[in-house]
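Subject: Handover of the two-chain model

Dear colleague,

I am passing the structure on to you below, and after it I set out what was found. Please read the notes with the model open beside them.

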Amino acid sequence: MIWEWPLAVYLWIAGIAGGAYFAGFMLSRLRKGRYDLLPKVAMFMGVPMVLLGSLLLVLDLGQQLRAWHLFFRVQPPRLLLLFSSPMSVGGWILLAYAIVGIAMIALWWVGSFEPEELRLSVLSGLGMLIRPLAPLVRVLSWVALVLAVLLISYTGVLLSATNQALWAGILLLPALFVASAISTGMALLVLIVATGFGRVLDILFGGEGEPIPGEVLRSMSRTSIVLGILELVVLVGFVVWLAAFSTPAAAAAVSVLLTGPMSFLFWAGVVLIGLLVPLALELTHATTGREYVLGAALVLPALVLLGGLFLRLVVLLGGQVQG
Amino acid sequence: MHPSRREFLQLSGFGLGGLLLGKAPNLEKTGKGMLYDASKCVGCRACQMACKIWNTLPSESTDAEGIYESPRHLSGDTWTMIKLAEQGDVWSFANYQCMHCAQASCVSVCPTGAAAHTGEFVLIDQHWCIGCGYCVQACPFNVPHRSESSGTARKCTFCFDRASVGDQPACADACPTGALTWGERDELLVKGKERVEVLRASGFGDAHLYGERELGGLGRLSVLTLPLEAYGLPQSPRYATGNVALQWLSGIVTAAIVAVVPFWLLQRRQAAARRREETAGGRER
């Protein structure tokens, strides 16, 4: 087995980072003024996660000190994004996402000051310098959306451009990872705004640090239900298609998940902990219409996040077991 | 290292034309090649030893598994080996090494350009390889492997250091029965087809030639006496990045669906509900 568990952790946290921004951006665009904190939270958490993930990628290499080779010697015909090595494309996406994310955080931060206040703040020199660029953050937020979609798609494409039957058998692996990434990203947002950390970040970006209204949390949890159902549908499609309508090699590969060495992690971790339990709890909660208690608000997203990790582990390791 | 002008034009033409189909570049396999004839192979493993010696590859510790193969698989330190193909009571040896495909998956997935076509060879530049393992996952024949000692992916090079000065690869040089032949691929193709005819006429009904058209033509042609499955070779080997454009599309379309279904629809409904509440509240006041 050449790709070990650190790569699964990387696929997981890169997915969360991109998915959280995607979810945060969508909510803040669709309900203007109510969710403006979310894309900021997503970037504030996402940039370190992307950097940590890249570090894990580098550690997994056979020759770590040569990681810079990824960004040199690009051959002319390979400039076409779609036909280049997905890993090469992914390297550029990670780099661009981190740079855009850092720029956005900096611009949001300077934008939260009045001009006179800025002079008194830490890093005031840098702040004064980049302040005129603050309106750029609108453009960057769209650039970041495109990069986030590419980032979360790439985690699936990376695996599917191989000759391992579980990964390459059908076109649904990128779809599955995208659905899971947005679901886990949303869970991260819920986890942060439901705790005091969200209020701290709010103050950092110039807000009042007021508690997040229960209505916002409720609306986010409704969205999570639909995200969970979508992910479940894609997962069922992925498994059934491989098992029933694909090649014998793919059927053997998927049996590693369903009945083979990965079956416990798959059924208990991915299906039960990651999908069915959070969905059931959320649905019960939504139908009874009770006020959100903090315990539930923390446990549910934590389960979804764990399920995302189990999914990456099962797919990454299970794909390399000879079925 | 750089693609020739003709290759470049072919590649760019394909890039524009096959944008969504994601077809593999259709390079013609020419130049030197190897012909393996399983009907002449006695499984002496002279090829395996000659490869180790010429390329100064260390030996591997293996367990006695009661089977002729030793070691059982190619690795970063074993680039050529003898496999045992069985079908019922009938068995055959099979020399196994890199196929040097025209459409090489290792080349297409390599993120640094370390794996590349150089004329008739597919080589992994040991100074540029970062050991990411992508070629290991992508090869349809499971040939390249990461070496523990070098940290890079390594595989058969067709002994380019010998072949480029007119010599033949060490394995072919060492073969005592003529089962491995080095030469112009066009000529080897004719020779292989003739051999298949001879074998079929003398009772080997399953005899066939592997590698003429697979993946744009393999640099290694094989005359095999048993059906393909017995050798563990894929009937139609898959070019790893063959449908990569559709895979990207799969992810992007899913993101679009998610943007519409949970977010747009749900939020619009909730916003509408809130407006209704507000107007109702206004009337009460």
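How many residues does the contact take from chain B, and how many from chain A? Before the answer, two remarks on conventions. Residues are numbered from 1 along each chain as its sequence is written, while chains are lettered from A and ligands numbered from 1 in the order in which they are written. This is a predicted model, in which local features need pLDDT of at least 70 and side-chain atom pairs count only at pLDDT 80 or more, whereas totals for chains, interfaces and linings use all residues.

The contact between the chains

The contact takes 50 residues from chain B and 50 residues from chain A, where two residues are in contact if their C-beta atoms, placed from the backbone, lie within 7 Å. On the side of chain B that touches chain A, the elements that give two or more residues are helix 1 (5–17), helix 3 (105–109), helix 4 (134–138) and helix 9 (244–284) of chain B; helices (H or I, at least four residues) and strands (E, at least two) are DSSP runs, numbered from the N terminus. Helix 9 of chain B supplies the largest share of that side, with 20 residues. By class, the side of chain B that touches chain A has 30 nonpolar, 18 polar and two charged residues, with Ala, Val, Leu, Ile, Met, Phe, Trp, Tyr, Cys and Pro counted as nonpolar, Asp, Glu, Lys and Arg as charged, and the others, Gly among them, as polar.

Chain A

Chain A has 13 helices and zero strands. For its 323 residues a compact globule would have a radius of gyration near 20 Å, and the 21 Å of chain A agrees with this; the radius is taken over C-alpha atoms, and the globule rule is 2.2 Å times the number of residues to the power 0.38. Along its principal axes, the C-alpha trace of chain A spans about 70 × 60 × 30 Å. Of the contacts in chain A with a separation of 6 or more, 79% are accounted for by residues 24 or more positions apart.

Buried residues make up 49% of the 323 residues in chain A, a residue being buried if 20 or more other C-beta atoms lie within 10 Å of its own, exposed if 12 or fewer, and partly exposed in between, again with C-beta atoms placed from the backbone. Val314(A), which is found in helix 13 (residues 294–318) of chain A, is buried, because 23 other C-beta atoms lie within 10 Å. Leaving aside its neighbours within four places in sequence, Val314(A) is in contact with Leu257(A), Met262(A), Leu265(A), Phe266(A) and Val270(A). Gly209(A), in contrast, lies in the loop between helix 9 (196–204) and helix 10 (214–245) of chain A, and Gly209(A) is partly exposed, because 14 other C-beta atoms lie within 10 Å.

Chain B

The domain assignment of chain B gives domain 1 (33–231) and domain 2 (243–285), with bounds that come from an automatic or database domain assignment. The centres of these two domains, taken over C-alpha atoms, are separated by 55 Å.

Chain B has an open sheet of four strands in the order 8-1-10-9, with mixed pairing, where two strands pair if DSSP finds at least two bridges between them. Strand 8 (180–184) and strand 9 (208–210) of chain B stand at the edges, each with a single partner strand, so one side of each is left without a neighbour in the sheet.

Strand 1 (residues 32–37) of chain B is mostly covered, with six of its six residues buried. Strand 1 pairs with strand 8 of chain B in the antiparallel sense over five bridges, and Met34(B) stands opposite Trp182(B) in strand 8. Four bridges join strand 1 to strand 10 of chain B, and these two run parallel; in strand 10, the bridge partner of Leu35(B) is Leu221(B). Strand 10 (residues 220–224) in turn pairs with strand 9 of chain B in the antiparallel sense over three bridges, where Leu209(B) stands opposite Val223(B).

Lastly, strand 2 and strand 3 of chain B form a hairpin with two residues between them, and Gly88(B) in the turn has a positive phi of about 65°.

With best regards
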